[in-house]
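This report describes one protein model for a reader who has not seen it before.

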Amino acid sequence: MYDPLVDSFPRAAQPHVRSYWQAHTQTKLPTAANVLPEHADIVVIGAGYTGLNAALELAQRFQQQVVVLDANQLGWGCSTRNAGFAMPGTGRLGYGDWQKRCGTDVAKAIQGEYQRAFERLEQHLAHCPEQLQVQRGGYLKIAHEPKAIEGLKATYQVLQQFEPKTRWLDAEAIQARVHSPQAHAAIHYPQSFGLNPVLLHASVARQAAAAGVTLVENAPVQNWDMVGEQQRLHTAKGRICTTKVIIASNGYTPNHLHSSIHGRTLPVLSSVIVTRPLTRDERQAIGVSTQDLVMDTRTLKYYYRLLPDGRLLFGGRGAIRGKDAHHPRYARHLLEALRGTFPALRRLSQEPVDYYWSGWVSVALDNYPRIYSPTAGVYTSMGYCGAGVTFTQIAGQRLAELAMGEKLPELPFYQSGLPKFPLPHLRRVGQWAFYQLARWRSL
Ligand SMILES: Cc1cc2nc3c(=O)[nH]c(=O)nc-3n(C[C@H](O)[C@H](O)[C@H](O)COP(=O)(O)OP(=O)(O)OC[C@H]3O[C@@H](n4cnc5c(N)ncnc54)[C@H](O)[C@@H]3O)c2cc1C
């Protein structure tokens, strides 16, 4: 599998990952251009949610001539591979963390920004004939062991100032919904919902194309140089010149794509298994309904949801290196975690899974993304730490505004650049040590 820290760029013309979403979704994507234009006002690298939302905004609101390049088919990265949890937030910091760092007003302003992200998501839903196949019922953040209850309760108490509609579920209340020995209490976030990521991606792509954006597939940027203020991007389909480039390649960004962003995120593999459809008895035994989105309190979290056809999607962290991503041990590891969560599904854990896939998410050193200009004429948004389905919708809009010289809201995401990892070439060693520690702690 392509590895951003090893390969110079993603190879062109690779098929979409064999995911449940690709196998079970029929949708119409706009036709990509056959020929790469020689010039554009703005070039966007990456046709996922971030890049397409930026392009849509640039074309529709600022009347820019925009070309979006993807190394492969549109949406080849995380935007068609994720679990489809639409949740308020991004990165790993909650309102309590923001309140401590920046005060209550900033934390409330961040909450407002997350609401704007939800509003854009609803706009994309309205442009999708299948309504993104949403499953509304909310998100359950579950204490997976008794000693996690206290911390979760403290989170809930802080949350009341920001999300007053969230509810506390004690052991009895959560057991009535999720029959698992690893469910001891939970916070219920009613606004969150499950969606089909492929439909969301297609909805944004269609709107961008309708606004006049040129979409180019199989055009990995292989080299990048400058002549005066002209940025020249050399791709597998030829060269394109511009004065402004948006880097929206996120977790898939090749290590040396541009010196201004080198070493500022860690690409991390996130993996998912999808089981066969559960029988009625199995569904009754686990309790979870198709309306629930569930995530636990582990440092290396597990998350799951029941898909519309009764299959269980179960996700967590995967391999460290791209070359190990498809090793069966990682699917097995997720199956074992599933069996620990639902011993009633013991039989299932002996069967092969129907789908197993992975994707690269980008992790920021200090746990939250930035939308910024790392150098003149270059703009980027990265570091969502695996939480981007909702936030990318607004991040793309902000990225477009930044590129057009507009002042962004005074929020931490928009006020500084991504910090560089110390000794970037040792990022994976640090990741390995972190994984060992987290697994040892959760024993
Ligand atoms: C298994 C998994 C489950 C997830 N589940 C959730 C979830 O439930 N909820 C949630 O909020 N988030 C989730 N995420 C994270 C979420 O999917 C991402 O944060 C989001 O999709 C990022 O979108 P993006 O547009 O920034 O990047 P991507 O969608 O990753 O797009 C980047 C694009 O850049 C292209 N690219 C890279 N290099 C080049 C180059 N040199 N030239 C041209 N193109 C290039 C790639 O081909 C790719 O298409 C999950 C991620 C994974 C992998």
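Helices (H or I, at least four residues) and strands (E, at least two) are DSSP runs, numbered from the N terminus. The element numbers below follow that scheme. The model is predicted.

**Annotated span**

An unreviewed UniProt entry carries the annotation "domain: FAD dependent oxidoreductase" for residues 41-402. This span is 30% helix and 27% strand, and its end C-alpha atoms lie 14 Å apart.

**Pocket and cavities**

Rolling a probe the size of a water molecule over the atoms shows where empty space is left. The second largest pocket has a volume of about 320 Å³. Its lining consists of 18 residues, and those nearest the centre of the pocket are Leu266, Val363, Phe421, Gln431 and Phe434. Three elements each supply at least two residues of this lining: strand 14 (265-277), strand 18 and helix 11. Helix 11 gives the largest share, with five residues. By class, the lining of the second largest pocket has 12 nonpolar, three polar and three charged residues.

The structure also holds three cavities of 30 Å³ or more. The volume of the largest cavity is about 110 Å³. Around the largest cavity there are 16 lining residues, with Thr253, Pro254, Asn255, Ile261 and Thr265 nearest its centre. This lining divides into six nonpolar, eight polar and two charged residues.

**Aromatic pairs**

A pair of aromatic rings is described by the distance of the centres and the angle of the planes. With centres within 6.5 Å as the cut-off, the count comes to 22 aromatic pairs. One of them joins Tyr20 and Tyr355: the ring centres are 6.0 Å apart and the planes stand at 80°, which is over 60 degrees, so the pair is edge-to-face. Tyr20 belongs to helix 1 (residues 20-24) and Tyr355 to strand 18 (residues 355-364), so this pair ties together parts that are 335 residues apart in sequence. Tyr20 is buried, with a relative accessible area of 6%, and Tyr355 is buried as well, at 9% relative accessibility.

Another aromatic pair is formed by Tyr114 and Phe413, and it is tilted, with 6.3 Å from centre to centre and 40° between the planes. Tyr114 lies in helix 4 (residues 104-126), while Phe413 lies in the loop between helix 10 (391-403) and helix 11 (427-441), so the pair ties together parts that are 299 residues apart in sequence. Tyr114 counts as buried at 4% relative accessibility, and Phe413 is buried with a relative accessible area of 0%.

Tyr114 and Phe413 also belong to one aromatic cluster, whose other members are Tyr95, Trp98, Phe162, Tyr368, Tyr384, Phe391 and Tyr414.

**Charges over rings**

**A loop residue**

Is Ala236 buried or exposed, or does it fall in between? At 45% relative accessibility, Ala236 lies between the limits of 20% and 50%, so it counts as partly exposed. Ala236 sits in the loop between strand 11 (230-235) and strand 12 (238-242). The C-alpha atoms of Ala236 and Ala176 are separated by 55 Å, and these residues are 60 residues apart along the chain.

Definitions and conventions. Residues are numbered from 1 along each chain as its sequence is written. This is a predicted model: local features need pLDDT of at least 70, side-chain atom pairs count only at pLDDT 80 or more; totals for chains, interfaces and linings use all residues. Side-chain values use heavy atoms; hydrogens and water are left out. On a 1 Å grid over the protein atoms alone, a cavity is a set of points where a 1.4 Å probe fits but cannot get out, and a pocket is an open set with protein on both sides within 12 Å along at least five of seven lines; lining residues have an atom within 4 Å of a point. Grid points are joined across faces, edges and corners, and a volume is the space filled by probe spheres set on the points. Ala, Val, Leu, Ile, Met, Phe, Trp, Tyr, Cys and Pro count as nonpolar, Asp, Glu, Lys and Arg as charged, and the others, Gly among them, as polar. UniProt positions are given in the numbering used here, feature names are shortened, and annotations may be inferred rather than shown by experiment. Rings of Phe, Tyr and Trp (its six-membered ring) pair if their centres lie within 6.5 Å; planes under 30 degrees apart count as stacked, over 60 as edge-to-face and the rest as tilted. Buried means under 20% relative accessible area, exposed over 50%, partly exposed in between (1.4 Å probe, protein chains only).
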